[in-house]
Amino acid sequence: MTRRAVPIGIGHYLPDRIVPNSHFEALVDTSDEWIRTRSGIERRHFAADGQLTSDLATRAARAALENAGISAGDLDGIIVATSTPDLTFPSVGTIVQAELGMTRGFAFDVQAVCAGFIYALCTANAMIVSGQADRLLVIGAETFSRIMDWTDRSTCVLFGDGAGALILEAQEGAGTAQDRGILSTDLNSDGRYREMLYVDGGVSSTGTAGKLRMQGNPLFRQAVEKLSQTAETALQRTGLTSADVDWIVPHQANIRIIQGTAKKLNVPMEHVIQTVQDHGNTSAASIPLAMSVGVADGRIKRGNLILSEAIGGGLAWGAVALRW
Ligand code: ACO
């Protein structure tokens, strides 16, 4: 028998304020048409003034707990993937822990920008498989609207706020690719590319939070290449092929990246969950948001093989193959 990290509940939260592309036409020299055709984004959600990353994370966590039919006291730990924490410290994880009324176990944050949820899933999987934890809440939560330069048309139109949460539980599997749960993982980073996507402020440099800076076009080319490689690696580690993939649940940065990666993987777009049009790029929140939408609308079913991949600042990228 093989110990597996199996999904038992999922949920998400999006702030009430929906911002259409037309909003940006008054801010910068752009158009709804440019944003739609170059990125696939039609609208995104922005957190209200005073609404923090931990608020979004807590809402998503409550939805996932309800979906799983368990309470916060049943968890051994919380891992939050975020690059937009409420404060420099403590972690968003510990704030969520307190909000949920969970007084035992542990909580911490993982920071790998848009690849954050994949990194958090890999961490949770390692802890569960090694017996350090039996039940973990893994959250991706971001308020990227807070690090936008509203005068930079090449970035401010692309990002949104939101949170998604997944609960993983240790269960025994047969040790085959038919098991439910996380079947394989692949993580990568290469700090030589760090100037392609970064925030120009920080605690030990400027003492400010800073604003997001991105070289969109070179990053685009890196993204398709690296995402297809990492997804292919994760899939190969399961012993399965692209014909076995029920759903690609990709990081939602740009519809053209999603299409290019699916094509390289030889998976038709009918097997790809797309939320970029409604959410924009929500960084670490984008995969659990898309997964939660796919489960809620009935497309993702028990036993389906899911392949998730993401790339973000660092560069950091990775993939997870899991059976729902
Ligand atoms: N409206 C109108 N024109 C614009 C806008 C805008 N909002 N933004 C840029 N342009 C212009 C540019 O200035 C450029 O004009 P020029 O030719 O006169 O110089 C032209 O449009 C083309 O710009 P490109 O950057 O070449 O456009 P591209 O087709 O590459 O699309 C985009 C830009 C959408 C940013 C794309 O490159 C992309 O999605 N990149 C990857 C983003 C990504 O994957 N990020 C990783 C995850 S994010 C994270 O980790 C936080």
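This report walks through a predicted model, from its ligand site to its salt bridges and some local backbone features.

## The ligand and its shell

Start with the ligand. There are 27 residues around it, and Thr30, Arg38, Cys114, Asn217 and Asn254 come nearest. By class, this shell has 14 nonpolar, nine polar and four charged residues.

A backbone N or O atom of Arg153 lies 2.8 Å from a ligand nitrogen. Gly216 likewise places a backbone N or O atom 3.0 Å from a nitrogen of the ligand. At Gly313, a polar backbone atom is 3.2 Å from a ligand oxygen. How much of the ligand does the protein bury? Taken alone, the ligand exposes 1,000 Å², and the protein buries 74% of that.

Several elements give two or more residues to the shell: α2 (32-39), α6 (153-156), α7 (216-238), α8 (255-265) and β12 (305-312). Helix α7 gives the largest share, four residues.

Where does the ligand lie relative to the two domains? Domain 1 covers 2-173 and domain 2 covers 181-323. Both give residues to the shell, so the ligand lies between them.

## Salt bridges

Side chains of opposite charge can pair when their charged atoms come close. A search of the whole structure finds 15 such salt bridges. Three of them are set out here.

| Pair | Closest N to O distance |
|---|---|
| Arg36 and Glu42 | 3.7 Å |
| Glu169 and Arg135 | 2.8 Å |

Take Glu169 and Arg135, which form a salt bridge. This pair links distant parts of the chain. Glu169 sits in strand β7 (residues 161-173), Arg135 in strand β6 (residues 135-143), and they are 34 residues apart. Arg135, at 22%, counts as partly exposed.

Glu225 lies in helix α7 and Lys264 in helix α8, so the pair ties together parts that are 39 residues apart in sequence. Both ends are partly exposed: Glu225 has 37% relative accessibility, and Lys264 has 46%.

Some salt bridges share partners. They join Asp32, Arg36, Glu42, Arg43 and Asp278 into one network.

## Polar side chains in loops

Two buried polar side chains sit in loops. Gln51 lies in the loop between β3 (43-46) and α3 (53-68). Gln51 counts as buried, with 14% relative accessibility. What does the side chain of Gln51 contact? It makes a polar contact with the side chain of Tyr13, at 3.0 Å.

Asp190 is found in the loop between β8 (181-189) and β9 (197-199). Asp190 is buried, with a relative accessible area of 16%. Its side chain makes a polar contact with that of Arg192, at 2.6 Å.

## An enclosed helix

Why is helix α10 described as largely enclosed? Nine of its 11 residues (286-296) are buried, so the rest of the structure largely encloses this helix. Among the buried ones are Ile287, Leu289, Met291 and Val295. Just after α10, Gly298 takes a positive phi of about 90°.

## Backbone details

Which peptide bonds are cis? One runs from Phe89 to Pro90, with omega near 5°. Pro90 lies in the loop between β4 (77-81) and α4 (92-99). Another runs from Gly314 to Leu315, with omega near -10°. Leu315 is in the loop between β12 and β13 (316-323).

Positive phi values also turn up in residues other than glycine. Asn266 has phi near 65°. Asn266 lies in the loop between α8 and α9 (276-279), and is exposed, with a relative accessible area of 61%. Ser283 has phi near 50°. Ser283 lies in the loop between α9 and α10, and counts as buried at 1% relative accessibility.

Notes
Residues are numbered from 1 along each chain as its sequence is written. This is a predicted model: local features need pLDDT of at least 70, side-chain atom pairs count only at pLDDT 80 or more; totals for chains, interfaces and linings use all residues. Side-chain values use heavy atoms; hydrogens and water are left out. A residue is near a molecule or strand if one of its heavy atoms lies within 4 Å of it. A polar contact is a pair of N or O atoms within 3.5 Å; within protein, one must be able to donate a hydrogen and the other to accept it, and residues adjacent in sequence count only if both atoms are side-chain atoms. Accessible areas come from the Shrake-Rupley method with a 1.4 Å probe; for residues, only the protein chains shown count as cover. Ala, Val, Leu, Ile, Met, Phe, Trp, Tyr, Cys and Pro count as nonpolar, Asp, Glu, Lys and Arg as charged, and the others, Gly among them, as polar. Domain bounds come from an automatic or database domain assignment. A salt bridge is a side-chain nitrogen of Lys or Arg within 4 Å of a carboxyl oxygen of Asp or Glu. Buried means under 20% relative accessible area, exposed over 50%, partly exposed in between (1.4 Å probe, protein chains only).
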